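I opened this model to look up a few things chain by chain. My entries follow the display.

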Amino acid sequence: MNLELRLSVEDSPNSAGIVIDAIRCGKLALDRSEGGVLNGPSAYFMKHPARQYTDDEAYRMTEAFINETWGKKPDEMLDYRRRQRQQAVAEG
Amino acid sequence: MHNIRIGIIGVGNCASSLVQGINYYRHKDSEDAIGLMHWEIGGYKPCDIEVVSAFDIDKRKVGKDTAEAIFAEPNCTTVFYKDVRKIGIRVRMGKIMDGFSEHMRDYDDKYTFVLADEPEPDMGEVVRVLKESGTEILLNYLPVGSEEATRFYAECALEAGVAFVNNMPVFIASDPAWAKRFEEKNIPIIGDDIKAQLGATITHRTLTDLFKKRGVKLERTYQLNTGGNTDFLNMLNRIRLLSKKESKTEAVQSVAAKRLDDGAHEPGVAPFSGGFPQFRRYCH
């Protein structure tokens, strides 16, 4: 098997949306008083994070970071989602 | 909830696209959230980001409003949103250090950096600006190979207590010693080396991962990048490429079923050519 791929891209606009997401994750960490390397967002947004994950894993970690479910046990996540639904209902 | 206040180190093409993007999204809604993971993250929309400080070393940018400086040469990226509103934030003179490679003096001003004559700030001055401007997150967009200058600004971020997003391949977040310092000060850091929405690295990683999942044995792979902008001109100095090469190599090696032998994976940068469209990168 021999695969040749040619990709023509413009780097700058191609990175802008990613940086906008990274900035917002950074702000979430500030709001939550979380410091140090943000492993999920670093693995998802960056080529050379402290620790590499597959892009699927990195995506899930970043989603969990955003939703504050990273590191939570399944029953805690169920509880978290239940509270989210209740809050959404309360807010109409 | 106030805006997210950012500082920019290096008002080049990537910073230009970022600032244009922030303004572009002001007139859009969630249906137009192209290029983003989510329209809203933690209650923050893309347009809730505000530039409050900026540093550069080029005389065509220093002293100008950031909204003007993003369109100044040698920037050449596509202008997809030209009506960027002036924000009253002037670009300040930055620290040069190794952010400028001597070989770049030999090229046309259209492509290269033209150094400003302004006095360079020391760390105390940068920290003062970051604090007084209310900068919360500092973005590093220095040219590839700016090892010393990146460490200078990372130190400034630590000193000023602002978060750091390291978009280029000098290893700060992935260096355990630096990571520990950010952790000890409880300052967030995201890095290193931005991965584009859909560029050569993510495509290369995805194909490598696919090969692993489908049981295809990957024997050799390469990536050749060519282009004609200031980034590629800067990378003519091959010494500046060392960390870039490591970053790209590890991004692919880390998702391979088995690490490839040295030389079996080769990321490369072909010589800068003014003949290429300035803003476009071709990857093979």
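**Conventions.** I note that this is a predicted model, in which local features need pLDDT of at least 70, side-chain atom pairs count only at pLDDT 80 or more, and totals for chains, interfaces and linings use all residues. Residues are numbered from 1 along each chain as its sequence is written, chains are lettered from A and ligands numbered from 1 in the order in which they are written, and side-chain values use heavy atoms, with hydrogens and water left out.

**Chain A.** I looked up the elements and found four helices and two strands; helices (H or I, at least four residues) and strands (E, at least two) are DSSP runs, numbered from the N terminus. Their order from the N terminus is β-α-β-α-α-α. Chain A has 92 residues, of which 49% count as buried. Buried means under 20% relative accessible area, exposed over 50%, and partly exposed in between, with a 1.4 Å probe and protein chains only. I also looked at contacts (heavy atoms within 4.5 Å). In chain A, among contacts between residues at least 6 apart in sequence, 32% join residues at least 24 apart.

**Chain B.** Here I found eight helices and nine strands. Of the 284 residues in chain B, 58% are buried. Among contacts in chain B between residues at least 6 apart in sequence, 75% join residues at least 24 apart.

**Helix packing within chain A.** I looked up helix α1 (residues 11-31) and helix α3 (residues 55-66) of chain A, which pack at an angle of about 45° with their axes 10 Å apart. Axes are lines fitted to C-alpha atoms, for helices over the stretch in contact, and angles run from 0 to 180 degrees between N-to-C directions. The angle makes α1(A) oblique to α3(A). Angles under 35 degrees count as roughly parallel, over 145 as roughly antiparallel, 65 to 115 as roughly perpendicular and the rest as oblique. The crossing of α1(A) past α3(A) is left-handed. Left-handed means that the near helix is turned anticlockwise from the far one by less than a right angle, and right-handed means clockwise. From α1(A), the contact uses A:Cys25, A:Leu28 and A:Ala29, and from α3(A) it uses A:Thr62, A:Phe65 and A:Ile66. I list these residues as five nonpolar, one polar and no charged. Ala, Val, Leu, Ile, Met, Phe, Trp, Tyr, Cys and Pro count as nonpolar, Asp, Glu, Lys and Arg as charged, and the others, Gly among them, as polar.

**Helix packing between chains.** Next I checked α1(A) against helix α1 (residues 13-24) of chain B: the axes come within 8 Å and cross at roughly 65°. This crossing of α1(A) and α1(B) is right-handed. Residues on the α1(A) side include A:Ser12, A:Pro13 and A:Ala16, and those on the α1(B) side include B:Asn13, B:Cys14 and B:Leu18. The residues of the contact of α1(A) with α1(B) divide into eight nonpolar, five polar and no charged.

**Two residues in α4 of chain B.** I found B:Thr150 in helix α4 (residues 147-160). B:Thr150 counts as buried because its relative accessibility is 0%. Which side chain makes a polar contact with that of B:Thr150? It is the side chain of B:Asn140, at 3.2 Å. A polar contact is a pair of N or O atoms within 3.5 Å; within protein, one must be able to donate a hydrogen and the other to accept it, and residues adjacent in sequence count only if both atoms are side-chain atoms. Not counting residues up to four places away in sequence, B:Thr150 touches several residues, including B:Asn140, B:Leu142 and B:Phe164.

B:Cys156 is also in helix α4 of chain B, and at 0% relative accessibility B:Cys156 counts as buried. Not counting residues up to four places away in sequence, B:Cys156 touches B:Met123, B:Val126, B:Val127 and B:Leu130. B:Cys156 and B:Leu130 are 26 residues apart in sequence and 8.5 Å apart in space, C-alpha to C-alpha.

**Backbone details in chain B.** I noted a cis peptide bond from B:Glu73 to B:Pro74, with omega near 10°. B:Pro74 lies in the loop between α2 (66-69) and β3 (92-93). The peptide bond from B:Gly191 to B:Asp192 is cis, with omega near 5°. B:Asp193 is not a glycine but has a positive phi of about 80°. The place of B:Asp193 is the loop between β6 and α6, and at 2% relative accessibility B:Asp193 counts as buried.
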